[in-house]
Amino acid sequence: MVKRQSVFSFWIFFIAYCLTVTSTACGIQPDSPIDARHLGLVINASDADSKALGDYYMTRRQIPSENVIYVRFPAGKTTLSREEFATLKRQIDSSTPSHVQAYALAWTEPYRVDCMSITSAIAFGFSEDFCASGCKATRQSAYFNSRSHRPWDHHRIRPAMMLAGTTLENAKTMIEQGIKSDATYPRGTAYLLSTSDHARNSRASLYPEVKRMFNNRFKINQLQQDVLLDKDDVMFYFTGLSQVDGLQSLTFKPGAIADHLTSHGGNLTSPKGQMSALRWLEAGATASYGAVVEPCNFTRKFPNPGIAMGHYLNGDSLIEAYWKSVAWPGQGVFVGEPLASPFRLF
């Protein structure tokens, strides 16, 4: 991780007010959050595990058959070339119903397309504007901190999330965590860890404002330490380290979001000596995020805790809340159960 500090400068009125009250008070779009009716499920018909996982998810989440998209590409590759991705994107686009607003990808590999993550490449289409070599800014997502529940209709973006896991059974367990979370209104805790790793601790500058915004609405525990141990109420966990210890001692609430700011956490099956984002899912979290290409420590390239929590607590589905929290998501991959909705009224 290249040492470079970048601090969010946009704690605007909408964040400070709209996300701490109700969405209708700020004129949020009246559409309901993304659910099974609006989710496209993409399955690699050339991969037995992808087919098994996709069939499982379609059944458990009652995804309409018209929303299921079968594609074909060789299994077992971590990275697609631009040319390979162009073929895949054409298959997806040609089979996607117009009402679909987002995608679930039923595989763990590939997670990268050249210099982009696969979730961003599918959401935006491949573009070098979302890439960077070295410490450079990338194109901002039009969906960042959006009030919309219809990203395709309003922004021409279909955010994507990978139904990933180290094994098929791990992925199924993660899916069950998401389903179990729906409309439970968990009384967990958000743990915001400021660590001794100076380069990866760049989000710590955001924590005091997060605590101020949400402390009367959700329990916030801001800590200056590297390791969190023996907690049974983890709903949010944000930190900055290359390796996160103690996960086996934690109990995550269904629907929990957790991630660590580091260079290669999104290289899911070959994280270059750093912890894969999949470790969070193995430990019981329902979603995580990581970079597939060296991002430097720009906070805009990682989830903003306050924005993620705000949209989630206001009833957004997990894929909406998490995607809206990353300003520059081109180099980062989203993994988890996209329809988890712990704070939504059904």
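Predicted model: local features only at pLDDT ≥ 70, side-chain atom pairs only at ≥ 80, totals over all residues.

Student: OK, pockets then. Which helix gives the most to the lining of the second largest pocket?

Tutor: Helix 2 does, with three residues. On a 1 Å grid over the protein atoms alone, a pocket is an open set of points where a 1.4 Å probe fits, with protein on both sides within 12 Å along at least five of seven lines; lining residues have an atom within 4 Å of a point.

Student: And how much space lies in that second largest pocket?

Tutor: About 230 Å³. A volume here is the space filled by probe spheres set on the points, and grid points are joined across faces, edges and corners. The second largest pocket is lined by 16 residues, and the closest to its centre are Asp-47, Asp-49, Trp-107, Thr-108 and Gly-165.

Student: How does the lining of the second largest pocket divide into nonpolar, polar and charged?

Tutor: Seven nonpolar, six polar and three charged. Ala, Val, Leu, Ile, Met, Phe, Trp, Tyr, Cys and Pro count as nonpolar, Asp, Glu, Lys and Arg as charged, and the others, Gly among them, as polar.

Student: New topic. How many salt bridges does the structure hold?

Tutor: It holds 15 salt bridges, each a side-chain nitrogen of Lys or Arg within 4 Å of a carboxyl oxygen of Asp or Glu.

Student: What does Arg-60 meet in a salt bridge?

Tutor: Glu-176, at 2.7 Å from N to O. That pair links distant parts of the chain, with Arg-60 in helix 2 and Glu-176 in helix 6, 116 residues apart.

Student: And which residue forms a salt bridge with Arg-61?

Tutor: Asp-182, with the closest N and O atoms 2.6 Å apart. Here Arg-61 is in helix 2 and Asp-182 is in the loop between helix 6 and strand 8, 121 residues apart.

Student: Is Arg-61 buried or exposed?

Tutor: Arg-61 is buried, because its relative accessible area is 11%. Buried means under 20%, exposed over 50%, partly exposed in between (1.4 Å probe, protein chains only). Arg-60 has 36%, so it counts as partly exposed, and Glu-176 is partly exposed too, at 25%.

Student: What about Asp-259, what does it meet in a salt bridge?

Tutor: Arg-203, again with N to O at 2.7 Å. Asp-259 is in strand 11 (residues 252-260), while Arg-203 is in the loop between strand 8 and helix 7. Asp-259 is buried at 1% relative accessibility, and Arg-203 is buried at 2%.

Student: Where is Ser-202?

Tutor: Ser-202 is in the loop between strand 8 (189-194) and helix 7 (207-214). Its side chain reaches the backbone oxygen of Asn-297 at 3.0 Å. Ser-202 counts as buried because its relative accessibility is 1%.

Student: Last one: in what order do the three strands of the open sheet come?

Tutor: The order is 3-5-6, with mixed pairing; two strands pair if DSSP finds at least two bridges between them. Strand 3 and strand 5 run parallel, joined by two bridges, and Leu-80 stands opposite Val-113 in strand 5.

How values were computed
Residues numbered from 1 in each chain as written. Heavy atoms only, no water. Helix = DSSP H or I, 4+ residues; strand = E, 2+ residues; numbered from the N terminus. Polar contact = N/O pair within 3.5 Å; in protein donor to acceptor, adjacent residues only side chain to side chain.
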